[in-house]
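Here is a quick tour of one protein chain, for anyone just starting out with structures. Keep the picture open as you read, and look up each residue as it comes along.

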Amino acid sequence: MEAVLDDLAGNWPLYAAIPVVAALIGYVTKRVAIEMMFRPLEFVGVRGTVLGWQGVVPRHGGRMAATAADLLTRNVLDVSDVIARIDPARLTREIEQPLLRAVDEIAREVLAEQHPRLWERLPPMAQDLLVKHVQAGSPRLVGQVLAELRDNIDDLLDVRQLSVQRLTRDKALLVKLIRETSRPELAFIARSGIYFGFFLGIVQSVVWALTKNPLVMPIFGACIGLFTDWLAIKLIFVPRDPIRLPGGFLWQGKFQRRRAEVAREYGEMIANELLTVDNLLDAILRGPKSDRLVAMVRRLVADTVDEQMSSARPLVRATIGQPRLDAIKDAAARRALDRLPGTLAPARGYLARAMDVATVVEQRMMRMTSVEYEGLLRPAFRQDEWKLVAVGGVIGFVVGELQVLLMLH
């Protein structure tokens with residue numbers, strides 16, 4: 001024992017450096033593990049071999065996007081509730097001028113195309129009166145379209161497909177969604193490496209003083225990297241529900257404790273990056289279920305046309321004929337859909353505020369169970385988690401070997 005104490009006294013700077021180096025090992029392994037989760041977005045190395053790396057999240061982007069989309073559509077967001085927030089009267093006021101202009105242009109184009117002789121023979125005043133008659137039914141048509149969207153949104157819009165497609169195509173967006181949501185947790189993982197590493201470094205210095213075994217440093221270094229990576233990830237999620245410790249302290253996983261903050265940030269990102277007005281409109285118009293929208297609009301346009309010409313229906317049928325009248329309705333529906341994005345452009349701000357996707361997502365997340373809420377982030381860590389922990393162990397082992405060289409020389 002006396003020899004050990006003499007060694008400690010004679011080489012105290014080296015022994016004092018061991019916990020510091022161990023803390024550095026803990027921090028570096030955590031930072032490396034974190035960056036390996038997200039970077040690089042594309043594979044770097046020799047393809048078809050293990051000589052290279054792609055971030056865990058972008059590498060499994062399709063699977064993670066599907067998991068996030070399933071959670072979003074199953075537990076977080078009911079699109080029909082979002083659509084129901086839109087006031088048809090307010091929307092009509094927001095788009096009044098572009099709507100009237102679109103109806104005017106569509107009516108003139110369709111009639112001139114489908115029945116040019118009849119249209120050309122009408123005096124300008126008669127043409128204007130006919131167009132205004134059609135315009136009179138447009139506000140009601142807006143209300144009918146919204147009602148149909150609200151009641152049949154699952155038949156017209158595949159939110160899961162929209163989410164998976166966007167997140168898979170844009171790997172940077174998927175990384176941003178997970179990284180921004182978990183930024184404090186990632187910072188905690190990095191800091192925990194310092195604390196855990198310093199404590200284990202003290203133990204490491206004592207064992208080295210007693211044994212002088214060259215294997216002590218690399219083994220402890222590997223253990224520091226492995227154990228602290230594993231423990232830090234566990235402490236983010238466990239325990240799911242708060243546990244009261246002696247002294248009145250509450251212990252709960254960090255991610256679970258931050259639910260209110262995460263819900264707000266996640267809701268804002270979903271609203272601003274994923275389920276935007278433009279993305280939803282594009283998915284409805286061009287998504288896999290767009291043919292059903294075409295059929296719905298065609299039916300509503302046909303009903304509107306029939307209603308507006310109800311008093312003159314026999315004359316119209318005799319003059320134009322039923323086949324050509326059906327062609328007019330089809331052409332009007334197609335043009336209405338083509339012009340829909342431009343017609344709705346002035347109302348984008350109102351639609352975003354009315355749907356308030358961020359608030360809807362936030363409120364739903366606050367009502368989730370602990371297991372459902374954990375599913376927001378846990379898949380990002382669970383996928384290839386062992387690789388991240390193993391990398392921490394390897395780095396710790398290498399640094400431990402360097403410590404041995406420092407101690408022996």
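K171 and E42 form a salt bridge, with their closest N and O atoms 3.2 Å apart. K171 sits in helix α12 (residues 171–181) while E42 sits in the loop between α2 (12–38) and β1 (44–45), so this pair ties together parts that are 129 residues apart in sequence. Bear in mind that this is a predicted model.

**More on charged pairs**

- How exposed are the two partners? K171 is partly exposed, at 24% relative accessible area, and E42 is partly exposed too, at 45%.
- R39 pairs up with E35 in another salt bridge, and their closest N and O atoms are 3.3 Å apart.
- R39 is exposed, with a relative accessible area of 53%, whereas E35 is partly exposed at 21%.
- Overall, the count comes to 22 salt bridges.

**The chain as a whole**

- The chain has 25 helices and four strands.
- Of its 409 residues, 45% are buried.
- Take the contacts between residues at least 6 apart in sequence: 79% of them join residues at least 24 apart.
- The accessible surface of the chain is about 20800 Å², and carbon and sulfur atoms account for 61% of that.

**Helix α12 and its neighbours**

- For helix α11 (residues 159–169) and α12, the axes come within 4 Å and cross at roughly 100°.
- Angles of 65 to 115 degrees count as roughly perpendicular, and α11 and α12 are therefore roughly perpendicular to each other.
- Which residues make the contact? On the α11 side they are L167, T168 and R169, and on the α12 side they are K171, L173, L174 and L177.
- T181 is also in helix α12, and T181 is buried, with a relative accessible area of 4%.
- Setting aside neighbours within four places in sequence, T181 is in contact with K176, F255, R258, V262, E265, Y266 and M269.

**One side of helix α22**

- Helix α22 covers residues 357–366, and V357, A358, V360, V361 and M365 are buried there.
- These residues span an arc of only 165° around the axis, which puts them on the same side of α22.
- What do the buried residues of α22 pack against? Their partners are α4 (61–76), α5 (79–84), α16, α21 (348–355) and α23.

**A buried loop residue**

- L376 lies in the loop between α23 (370–374) and α24 (378–382).
- Is L376 buried or exposed? With a relative accessible area of 15%, L376 is buried, because the cut-off for buried is under 20%.
- Leaving out neighbours within four places in sequence, L376 touches L71, F255, Y266 and M365.
- L376 and L72 are 304 residues apart in sequence, and their C-alpha atoms are 8.9 Å apart in space.

**Backbone details to look up**

- R39, from the salt bridge with E35, is joined to P40 by a cis peptide bond, with omega about -10°.
- P40 is in the loop between α2 and β1.
- Another cis peptide bond runs from V238 to P239, with omega near -5°.
- P239 is in the loop between α14 (216–237) and β3 (243–244).
- D356 is a residue other than glycine with a positive phi, near 45°.
- D356 is found in the loop between α21 and α22, and D356 counts as partly exposed, at 25% relative accessibility.

Definitions and conventions. Residues numbered from 1 in each chain as written. Predicted model: local features only at pLDDT ≥ 70, side-chain atom pairs only at ≥ 80, totals over all residues. Heavy atoms only, no water. Helix = DSSP H or I, 4+ residues; strand = E, 2+ residues; numbered from the N terminus. Buried < 20%, exposed > 50% of the residue type's maximum accessible area, 1.4 Å probe, protein only. Contact = heavy atoms within 4.5 Å. Areas by Shrake-Rupley, 256 points an atom, 1.4 Å probe, with all protein chains shown as cover. Salt bridge = Lys/Arg side-chain N within 4 Å of Asp/Glu carboxyl O. Arc of directions from axis to C-beta. Axes fitted to C-alpha atoms, helices over the stretch in contact; angles between N-to-C directions. Parallel < 35°, antiparallel > 145°, perpendicular 65-115°, else oblique.
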